[in-house]
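Reader: Please take me through the packing of the strands and the cores, one question at a time.

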Amino acid sequence: MLDCMRRRRLQAFALAIAAALSAAPTSLARAAEVPQERLQLCGTCHGENGNSKMEKMPSLAGQPELFLTNQLILFRERLRKSEAMEPFAKGLTDAEILALAAHYAKLTPEPSPEPVDQALAARGAELARKMFCGSCHLPDYVGREQMPRLARQRIDYTIESLIAYRAGTRYGVDTSMNGVMYEVSDQDIRALAHFLATVR
Amino acid sequence: MQSVRFSAPKLAAGIGLGALLAATAAFELQAQTPPPPAWKQGMPPSMADSKLAPHASPMTVTPLDKIQLSKLKVPAGFKVEVWAHGMPGARMMARGDKGTLFIGTRVIGKVYAVTDKDGKREHKVIAEGLQQPNGIAFKSGNLYVIAIDKALRFDGIEDKLDAPQPTDISEAIKLPPSTHHNWKFAAIGPDNKLYISIGSPCNVCEINTGMHGLIRRQNLDGSNIEIVARGVRNSVGFDWHPQTKELWFTDNGRDWAGDAGPEEELNRVAANNVGGFFGFPYCHANGIPDPDIKRPNACAGVTLPAATLGPHAAALGMRFYTGNMFPAAEYKNNAIIARRGSWNRTKKFGYDVVLAKINGAKATITPFMTGFLDPQTDAFWGRPVDVMQMPDGAMLVSDEQNGAIYRVSYTGKVASQ
């Protein structure tokens, strides 16, 4: 969870930028490229090259295009709830979303700057194998189609996501991940996140 | 007939409550091997490395020029056109008395309304933010929308498309609290009752037969719930035979039991078999015992299908043809069935619309509309989900992949090449 002050700051910031953007006289109906100001805006939290340095903010670099597209639509339709993302996703057109997804899918994922617990990561590797994470997310965890890249994702974000799937407060385009996370312990979630962050 | 009871549900495997339990208690739980996700249950160890996974339909608008209409093939004398488009995730259809076409969706959570003015179609979003509003039914001016966790009634909807006013009827309708296979198919029968299918909350598992894996009916005010068919894995389409008034339904076979099947089913609920048992989870297709969920005499007492509908084909929406446009000998009182297409199969299958010629208690299946799948490259571009007859006798076909509705009509003329 974001702490209260940070959340409020972020919200105020988001609202201001979103207002500025909607007032900007840009014609984005069929944008093949994302305008610079929007990329700067996304980069504030997700990192300017799509590799996040901010606590609990996911890296977007190298995520599958369909996954990014779907998540932005889920935010826009308020089917995935996030106070931080809501003002940005509100009113995005399909064309704008497709352009954003294409942009971030092409960027190169870098390792997270977070410290990795190697013992936990080793246990996470074993768990990931037992849980067949690789059969959907592929054996090198780079993701495909609607299934996200897990390799090099931020540890704190992966933990938060897996807890949300377990709690049923987050869904994908189907409920597969809610089933996967059924009764997985907090300790196992931490182990998975430490392992996945280290996958090259 | 048997009443549905909700007092003592066997819910341990249900994702909804399971997730809740997990959220409150998991911190203290010992590490254990978690069960696989519902769609992966029953996967044999030999397939553990399989990369097969469900295909997600796009949630973005497919532009008209990206719809590959020219690839579609229909029998001689028929033609296909794009009737409406730009509605991501378009699935189940219901038609209002004044001609509005209502369309349900799954993940994008919207219900669309298409109006037809002077040959031009326009669509509006009349509901959004719902959890998989796949169940759509219309009766006496009112639209019923059945989502996973909610049932809504839109009274006099066709006069209020710009300001829809739904009434939440969830409490009266009584939906079970699980998620997987719980997007509903809904229709109102010739007996003026609301029929809803409720799938099994898994790929294959023992189920509470009073709650899951069934088709049920109830009065439009929600009262008097009765089970019409039991042992149904997941039905996403049914209709009533125009002459016998018997219910016929499609049902999807289990996954992870190989490329050959067990095949999907077309079933008939005979007048003397209301509440009958259709086999899940013990007995599939034309009498195949389940390799995992076993009981002695697996197929004893099971009503076998009128026809099988192909391995992993995802046979969904179906309607009997009662119009006068299509050649009567071939089509009248026969069923047209959309097959969304396979994911749990190494070579894709389905992705088409078929004709089921009914002969008493049995049916034979022939192709009707193909070309969504290229068998050479194993690539698909469209996924038909539902069919709906128009007053002029043309059939509409919904395509979830492209958010489009096609109109199939019969001209009797063979187009020259």
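Author: This is a predicted model, in which local features need pLDDT of at least 70, side-chain atom pairs count only at pLDDT 80 or more, and totals for chains, interfaces and linings use all residues. Residues are numbered from 1 along each chain as its sequence is written, and chains are lettered from A and ligands numbered from 1 in the order in which they are written.

Reader: How many bridges join strand E22 to strand E23 of chain B?
Author: Strands are DSSP runs of E, at least two residues, numbered from the N terminus, and two of them pair if DSSP finds at least two bridges between them. E22 (residues 335-339) and E23 (residues 352-359) of chain B run antiparallel, and the number of bridges joining them is five.

Reader: Which residue of E23(B) is the bridge partner of B:Arg339?
Author: In chain B, E22 covers residues 335-339. The bridge partner of B:Arg339 in E23(B) is B:Asp352.

Reader: Which strands are the edge strands of the open sheet in chain B?
Author: The sheet has four strands in the order E21-E22-E23-E24, with antiparallel pairing. Each edge strand pairs on one side only; in chain B these are E21 (315-320) and E24 (362-369).

Reader: Which residues touch the most other members of the largest nonpolar core?
Author: A nonpolar core joins buried Ala, Val, Leu, Ile, Met, Phe, Trp, Tyr and Cys residues through C-beta atoms within 7 Å; buried means that 20 or more other C-beta atoms, placed from the backbone, lie within 10 Å of the residue's own. Of the 93 residues in this core, those touching the most other members are B:Phe102, B:Ala186, B:Ile336 and B:Ile337.

Terms used. Buried ≥ 20, exposed ≤ 12 C-beta atoms within 10 Å, placed from the backbone.
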